[in-house]
Amino acid sequence: MRLDNLTPDVINRLMRRHVIWAAVLVALIAAATHASSTPKIMTSCSLSKGDRAWLDRSVQSWIVTRRDILRAPSPAALEASIFDERCALTSRTALITGRSRWVSSPLKDRSITLGTQRIPVGVFSATIGDANGAHFYMSVPSVWAKAKIPPGKLGLERLMTAVMMHEATHVIQRQTYGAQIDQVQKQNALTDDQFNDDAIQSQFGKEVEFAASVQRETDLFFKAATTANDGDARRLALEARDLMRTRERRYFVGSQAYQVRAEDLWLTMEGSAQWVGFQWLQMPVAKFGGGLSTKDAVADFGRRGGSWTQTLGLAVAMTVNRFRPADWKLHAFGDGQLTLLEMLDQSLRGDRH
């Protein structure tokens, strides 16, 4: 999406989706050799002490996550803007090295500029990109708290850091799965409202049998990922895939046939990004992680609800990680040559990989 296409209606939709795609996004975040330094702030304005503490820890959390969980490629460029209602902090290197000088600037009229648009400061986390690179935007915990965002058992700051992990992951996938998503959209002449990670849910959410199948598939994949017995895991995953294919044959036909490929790509993008947030939640607090058990991470984050592609996608990603832990991340966060469902099908067929 071009920046000059960010109309108020589009922005409102994207704020609900958490991520904005554009023509070109760049790889993100080189490994940092140390994760203990604190960014320096120029003093024209500043965040509150609590918001600053969350920012500093979340930046280091991403550096450790990228290094230890994703092992993602080296970055090119990424500018980050973190803001409350009065002040925005901007850095070109914080999300790359973890050590940076943040430049602060007061906000006018409690609004922030995205491209050519001014929008009110609110609950927001997104990455916008064009041919010149990528820019990550996120409001701070005090803004989310004022909007009464329900954090559940995670707590607001831990939830928000997991969201940051999710968004940052999307950036490093932009030139792989993102490019494939763009191709599907172009080939089918779809607008951004018609083609996004929530489009299938918006279109088929009121179809009772479709929605029931999605829920059943999700339950089966979560069980496949977490059951103790490998034979049971395979049986559950096969049952879930059969349900998916039955649903596709019934609903993704004619002019909707492209949805088979589209759903696979969106599940891969959203599911793998959710998996990163899920893994971060289980990292030790001493290593800038969330400090949760796997059980609590599944209950309080994995099954938080709302987005089909995120919840079902995470269940698929967890299942793929169970069957092929050694190599799936090389595709999901590297070359993008296989989607999650393609990797899962290989494993269920017993293909060597």
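**Figure 1. Crossing of helix 2 and helix 9 in the predicted model.** The axes of helix 2 (residues 49–70) and helix 9 (residues 259–282) approach within 11 Å and cross at roughly 105°; axes are lines fitted to C-alpha atoms over the stretch in contact, with angles from 0 to 180 degrees between N-to-C directions. Helix 2 is therefore roughly perpendicular to helix 9 (65 to 115 degrees). Helix 2 contributes Ser61, Trp62, Thr65, Ile69 and Leu70 to the contact, and helix 9 contributes Trp275, Val276, Gln279 and Trp280 (contact: heavy atoms within 4.5 Å). These residues comprise 6 nonpolar, 3 polar and no charged (nonpolar: Ala, Val, Leu, Ile, Met, Phe, Trp, Tyr, Cys and Pro; charged: Asp, Glu, Lys and Arg; polar: the others, Gly among them). Helices are DSSP runs of H or I with at least four residues, numbered from the N terminus.

**Figure 2. Packing of helix 7 (residues 208–226).** Its buried residues (under 20% relative accessible area, 1.4 Å probe, protein chains only) include Phe210, Glu217, Asp219 and Phe222. The buried residues of helix 7 pack against helix 6 (199–204), helix 8 (230–251), helix 10 (294–302), helix 11 (308–323) and helix 13 (340–349).

Figure 3. Ile149 counts as partly exposed because its relative accessibility is 26% (partly exposed: between under 20%, buried, and over 50%, exposed). Beyond neighbours within four places in sequence, Ile149 contacts Val123, Trp144 and Leu156. Ile149 and Val123 are 26 residues apart in sequence, with a C-alpha to C-alpha separation of 8.3 Å.

**Notes.** Residues are numbered from 1 along each chain as its sequence is written, and side-chain values use heavy atoms, leaving out hydrogens and water. In this predicted model, local features need pLDDT of at least 70 and side-chain atom pairs count only at pLDDT 80 or more, whereas totals for chains, interfaces and linings use all residues.

Key: Helix = DSSP H or I, 4+ residues; strand = E, 2+ residues; numbered from the N terminus. Parallel < 35°, antiparallel > 145°, perpendicular 65-115°, else oblique. Expected span 1.5 Å × (residues − 1).
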